[in-house]
Amino acid sequence: DLARPVSEVAEAVRKNGYPERISVALIGSCTNSSYEDLTRAAGIAEQARKRGVKMPVPLLVTPGSEQIRATIVRDGQMAALEAVGGKVLANACGPCIGQWKREDRTAGENNSILSSFNRNFPRRNDGNPSTFSFLASPEIVIAYGLAGSLLFNPLKDPISTPAGEKFLLEPPRPAPELPGNGFLRGDPGYLPPPPSRSSIKIQVRPDSDRLQLLEPFSAWDGKDFLELPVLIKAKGKCTTDHISPAGPWLRYRGHLDRISDNMFTGAVNAFTGTAGKGWNRESGKKDRPFAEIARDYRKRGIRWVAVGDENYGEGSSREHAAMSPRFLGAAAVLVRSFARIHESNLKKQGVLPLIFADPSDYDRIREPDRISLLGLNQLTPGKPVSGRIDHEDGSVDEIQLRHSLNQEQIKWFRAGSALNVLKR
């Protein structure tokens, strides 16, 4: 939303008071980390290496896969990145989604980082709301990192060598999409299971908040969903980071109950304009965390629905953004439109992903409403689901809801989840 050419970055930094010095430069993760991407970045690093220049700031490199890592080691790109000070991280999400324990900055300390990642929400990378995260291509990250400043313009500003000489970086040369000698497989990281598994027992410490054995979700009972409360009506952009934030929460990714406490903490309540909190219509309590409300509904045996705006669930393919709502009692999610991957994840967990046939029906839903989903025993590919909105004043709105469920995915819904079908 704030994209700028490099020629305008310095002016924006001065105008907005962004921290001018770059504290860390990062490239890789799942985005901008292909063989071609890292070859272009290494080309810029190689120009600096030849002149004895190293990064004045930390450079963290996350290859896109073990195959990429092994191949760029063989072909020399890794050596070029390490020569200017690059530190290679595991082939994983890492700092991109908050798996980054920074020791150079404390929470609340203003600083700027530059990365080639795919998201830059506040707190996403290091949990610090005062970190300003700027996104760029890998080669631009390397170029700015060599200068250590956001006031630098790689198109016209020179880099100084240790000998006091100055030189201009040459634009990156075209890089091959695929390695000429093919990819190396690297370390597969696979351990085959033992011949007999019947004697294996998985033991988890009873008081662990990091690991939890999963229980199958219950199958659909064959009945329509009647008069379900609206847990949340999300306003505007509601990404997987809004539904299930990453960062420090990822330590609980193996414990579904614990990580579900973060559900909708970043989602903006359309009725109040605040994030993460809503109204428990059963207890009457207001400004309560959505996860707390959902847990109370679940204790009362009440399923609920969530309502979203356009492109609901965009962002990463984070499975917990679908698993946590299902675990805490979501029956369906009604939106103007879905991001494709999140829609698929909801299907896999047995949650009905439904789209308003008339997008303006989103505006009809009020905070005290109850929603019914009817005719579910005739759920069929391509056939809309009938919905009913019961308003507090006694009025009723009939709506139509589209879906993209195929016959196999309808089986997932009826069984309670895709995993339940696979276990049969």
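1. In which loop is Phe 271 found? In this predicted model, Phe 271 is found in the loop that runs between helix H7 (256–259) and strand E9 (277–278). The C-alpha atom of Phe 271 is separated by 7.4 Å from that of Lys 233, although these two residues are 38 residues apart along the chain.

2. Another loop, between strand E7 (166–167) and strand E8 (225–233), holds Ile 200. Ile 200 is partly exposed as well, with a relative accessible area of 46%, and together with Ile 202 and Leu 213 it forms a nonpolar patch on the surface, the three having about 320 Å² of accessible area together.

3. Turning to the pockets, the largest pocket holds about 960 Å³ of space. It is lined by 32 residues, of which Leu 2, Asn 120, Ser 133, Phe 134 and Leu 135 are the closest to its centre.

4. Where does the lining of the largest pocket come from, in terms of helices and strands? Helix H1 (6–16), strand E5 (131–135) and helix H5 (138–147) each supply at least two residues, and the largest share, 5 residues, comes from E5. By residue type, the lining of the largest pocket divides into 16 nonpolar, 8 polar and 8 charged residues.

Note on methods:
Residues numbered from 1 in each chain as written. Predicted model: local features only at pLDDT ≥ 70, side-chain atom pairs only at ≥ 80, totals over all residues. Heavy atoms only, no water. Patch = residues over 30% accessible without salt bridge, like charges linked within 9 Å, V, L, I, M, F, W, Y side chains within 5 Å. Areas by Shrake-Rupley, 256 points an atom, 1.4 Å probe, with all protein chains shown as cover. Salt bridge = Lys/Arg side-chain N within 4 Å of Asp/Glu carboxyl O. Helix = DSSP H or I, 4+ residues; strand = E, 2+ residues; numbered from the N terminus. Buried < 20%, exposed > 50% of the residue type's maximum accessible area, 1.4 Å probe, protein only. 1 Å grid on protein atoms, 1.4 Å probe; cavity = no way out; pocket = protein on both sides within 12 Å on 5 of 7 lines; lining within 4 Å. Points joined across faces, edges and corners; volume = space filled by probe spheres on them. Nonpolar A, V, L, I, M, F, W, Y, C, P; charged D, E, K, R; others polar.
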